[in-house]
Amino acid sequence: MRSAWRVMTVASLSVAMMFSGPASLAADPAGTAHPDLWPARTASAADPVVEKRIDALIAAMSLEQKVGQIIQGDIGSTTPEDVAQYHLGSILNGGSSSPGGDEFGPASAWVTAADAYYQASMRPNGTLPRIPVMWGSDAVHGHNNIVGATLFPHNIGLGAARNPALMEKIGQVTAIEMRVTGLDWTFAPTIAVARDDRWGRTYESFGEDPAIATSYAAALVHGLQGRRGDADWLRGPHIIATAKHFVGDGGTADGRDRGDAKIAEAELIRLHAPAYVAALGADVQSVMASFSGWNGVKMHGN
């Protein structure tokens with residue numbers, strides 16, 4: 001099913017930054033984007049075999065199943081039985097969630113839980129097609145939710161290394177350790193460009209210079225997912241990567257997390273778009289939609 005993911009470039013949604021100079025004063029209060037100003041990105045050609053399979057699956061799904069597939073439940077409050085009953089498409093372990101509520105549990109406990117959720121999603125249910133559940137986790141500097149996993153410096157430290165090749169190796173290690181524990185999807189890399197150090201998530205950014213995040217984006221995606229065309233792309237030791245938290249989340253006014261980016265569109269494009277273009281160019285399979293806003297319009301409503 002991983003190969004069936006469709007990568008979509010949504011160039012007209014956004015968020016942004018502070019302290020960008022005079023351009024901030026000219027920010028469009030309506031938060032209106034102009035797609036013709038944004039970098040062009042052509043999607044990879046569709047695989048007709050995969051598309052046919054997707055169409056057949058959708059045609060056979062019930063309305064309840066279609067709704068369930070777009071819901072992601074936290075394992076702290078979602079059981080395998082919930083996955084089976086509500087046809088949930090994915091689960092995640094939030095910052096305080098772990099199998100059995102034991103944050104110090106061994107890797108084997110994660111594998112057991114992953115198997116239980118998977119088996120629940122594949123349990124026969126009349127004529128409905130079986131779609132395996134996906135498990136996502138914030139493995140943002142290594143598989144950091146698992147005791148004993150390899151941990152790397154936070155992004156702010158990795159940005160100082162100026163070493164894309166090293167980032168690809170870090171992605172490879174992270175992917176292997178996630179696969180070992182039964183997980184197949186990471187909410188990384190974070191390619192936010194922090195522009196105000198008061199932002200509470202500045203440590204998640206590679207730095208204030210967009211060139212750093214741009215140089216790292218493809219390397220990390222390739223390390224996590226492999227390269228399209230290779231035999232092990234999204235297979236074997238690789239997992240699904242996520243570019244997050246969408247354009248401009250590190251540039252909100254006063255550094256307020258989930259706040260509003262007050263910035264001209266040209267600056268939004270110049271500072272916050274390049275890393276996403278690079279990630280999409282590396283075939284990143286998911287892009288996280290942010291909960292922040294741009295010039296008064298919430299990302300989800302733009």
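**Notes on the predicted model**

1. Overall size. For 302 residues, a compact globule would have a radius of gyration near 19 Å, and the protein has 20 Å, which agrees. The model is a predicted one. Its C-alpha trace spans about 60 × 45 × 35 Å along the principal axes.

2. Composition and burial. The protein contains nine helices and nine strands. Of the 302 residues, 49% are buried.

3. Contact range. Taking contacts between residues at least 6 apart in sequence, 74% join residues at least 24 apart.

4. Helix 7 against helix 9. Two packed helices are described by the angle between their axes and the distance between the axes. Here, helix 7 (residues 210-225) and helix 9 (residues 274-281) pack at an angle of about 20°, and their axes are 8 Å apart. Angles under 35 degrees count as roughly parallel, so helix 7 and helix 9 are roughly parallel to each other. The crossing of helix 7 and helix 9 is right-handed.

5. Residues in that contact. Helix 7 contributes Ala213, Thr214, Ala217, Ala218 and Val221, while helix 9 contributes Pro274, Ala275, Ala278 and Ala279. By class, the residues of the contact of helix 7 with helix 9 are eight nonpolar, one polar and no charged.

6. Surroundings of helix 9. Which residues of helix 9 are buried? They are Ala275, Tyr276, Ala278, Ala279 and Leu280. Besides helix 7, the buried residues of helix 9 pack against strand 5 (242-243), helix 8 (265-272) and strand 7 (286-287).

7. Lys52. This residue is placed in helix 1 (residues 48-60). Is Lys52 buried or exposed? Its relative accessible area is 63%; exposed means over 50%, so Lys52 is exposed. Lys52 and Gln85 are 33 residues apart along the chain, and their C-alpha atoms are separated by 27 Å.

Methods. Residues numbered from 1 in each chain as written. Predicted model: local features only at pLDDT ≥ 70, side-chain atom pairs only at ≥ 80, totals over all residues. Heavy atoms only, no water. Axes fitted to C-alpha atoms, helices over the stretch in contact; angles between N-to-C directions. Helix = DSSP H or I, 4+ residues; strand = E, 2+ residues; numbered from the N terminus. Parallel < 35°, antiparallel > 145°, perpendicular 65-115°, else oblique. Left-handed = near helix turned anticlockwise from the far one by under 90°. Contact = heavy atoms within 4.5 Å. Nonpolar A, V, L, I, M, F, W, Y, C, P; charged D, E, K, R; others polar. Rg over C-alpha atoms; globule rule 2.2 N^0.38 Å. Buried < 20%, exposed > 50% of the residue type's maximum accessible area, 1.4 Å probe, protein only.
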